[in-house]
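Good morning, and thank you for joining.

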Amino acid sequence: INSISYNPDAFEIDSIPESKYMLNKTPSKYIFARLNDIADIIHKYDIFVKPTNDLKSFTGTFVKQGKSLREALEDKKENIDLTQDFYVLVSLRCPRIIEEARCFVVDHSVVTCGRYARNGVTDITHFKNDEESIYKSFAQEYIDNVYFPSNSFTIDLCKTDEDELLVVEYNCFNCSGLYNVDTTKLIKALQG
């Protein structure tokens with residue numbers, strides 16, 4: 001299927017532009033650090049840490065004040081070698097996330113969207129009323145005006161406790177969970 005493509009460089013954090021609507025790449029609210037340098041630092045405030053590439057060496061991890069990244073990963077039961085020497089993005093802006101949703105983009109158009117978490121736990125219940133259209137509109141405007149890494153991909157969004165929509169991250173289409181999206185719409189879009 002021609003719609004599915006993957007360029008790993010386009011999904012690197014360095015390729016994604018800063019934006020006030022990019023949760024983890026808001027101007028002056030993030031830093032880059034080496035994993036092995038920050039693994040055991042006890043943090044004085046909440047942070048979010050994720051690898052800078054799309055290889056998912058570990059999943060993006062929220063580290064609460066008074067904990068280290070090692071402790072946060074152990075709490076999640078993610079056992080990785082924290083002596084590895086690669087860069088991570090450390091987000092210093094950690095608003096309270098109420099809900100997260102994944103939008104599927106095919107040939108630069110947001111096709112379908114589904115909730116995957118609410119209040120920090122998995123929640124794949126259907127959207128109510130116009131919730132899906134609000135997420136889809138926000139995602140479409142963002143990719144039209146700010147950044148799109150590929151012809152087809154997923155873009156994860158969140159709603160904060162201040163009712164603000166933000167982009168969490170982009171993911172490769174080829175390995176993104178479907179959650180509770182309209183798969184009929186998605187397959188029709190892929191078939192072109």
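What you see is a predicted model. I begin with the largest nonpolar core, which has 22 residues. Those with the most contacts inside this core are C103, Y135, I155, L157, V167 and Y170. Strand 5, strand 6, helix 3, strand 8 and strand 9 each supply at least two residues of the core. Which of these elements gives the most to the core? The answer is helix 3, with 5 residues. Helix 3 spans residues 131–145, and strand 8 spans 153–160.

Let me stay with C103 and turn to the cysteines. How many disulfides does the structure hold? The count is 0. The sulfur of C103 has its closest cysteine sulfur in C113, at 3.2 Å. A disulfide requires the two sulfur atoms to be within 2.5 Å, so the pair C103 and C113 is too far apart for a bond. As for accessibility, C103 is buried, with a relative accessible area of 0%. C172 is also buried, at 5% relative accessibility.

Next comes strand 9, which covers residues 165–172. N171 is found in this strand. Is N171 buried or exposed? N171 counts as buried because its relative accessibility is 4%, and the cut-off for buried is under 20%. The side chain of N171 is joined to that of D156 by a polar contact of 3.0 Å.

A polar atom of the S150 side chain lies 3.3 Å from the backbone oxygen of S152.

I now move to the open space in the model. The largest pocket has a volume of about 1200 Å³. Its lining comprises 47 residues. Which of them lie nearest the centre of the pocket? They are F48, G60, T61, F62 and E100. By class, the lining has 21 nonpolar, 11 polar and 15 charged residues. Several elements each supply at least two residues of the lining, among them strand 2 (47–51), strand 3 (61–63) and helix 2 (69–75). Strand 5 (97–106), strand 6 (109–118), strand 7 (121–122) and strand 9 are also included.

Two residues with greater accessibility values deserve a brief look. H126 sits in the loop between strand 7 and helix 3. H126 is exposed, with a relative accessible area of 58%. From C-alpha to C-alpha, H126 and Y116 are 9.7 Å apart in space, and they are 10 residues apart in sequence. K29 lies in the segment before strand 1, which covers 30–34. K29 is partly exposed, with a relative accessible area of 38%. K29 and D163 are separated by 134 residues in sequence and by 19 Å between their C-alpha atoms.

I close with helix 4, residues 183–191. What is found at the start of this helix? A side-chain oxygen of D182 reaches to within 3.2 Å of the backbone nitrogen of T184. At the other end, helix 4 is followed by G192, whose phi is positive, near 75°.

Notes: Residues numbered from 1 in each chain as written. Predicted model: local features only at pLDDT ≥ 70, side-chain atom pairs only at ≥ 80, totals over all residues. Heavy atoms only, no water. Polar contact = N/O pair within 3.5 Å; in protein donor to acceptor, adjacent residues only side chain to side chain. Helix = DSSP H or I, 4+ residues; strand = E, 2+ residues; numbered from the N terminus. 1 Å grid on protein atoms, 1.4 Å probe; cavity = no way out; pocket = protein on both sides within 12 Å on 5 of 7 lines; lining within 4 Å. Points joined across faces, edges and corners; volume = space filled by probe spheres on them. Nonpolar A, V, L, I, M, F, W, Y, C, P; charged D, E, K, R; others polar. Buried < 20%, exposed > 50% of the residue type's maximum accessible area, 1.4 Å probe, protein only. Core = buried A, V, L, I, M, F, W, Y, C linked by side-chain atoms within 4.5 Å.
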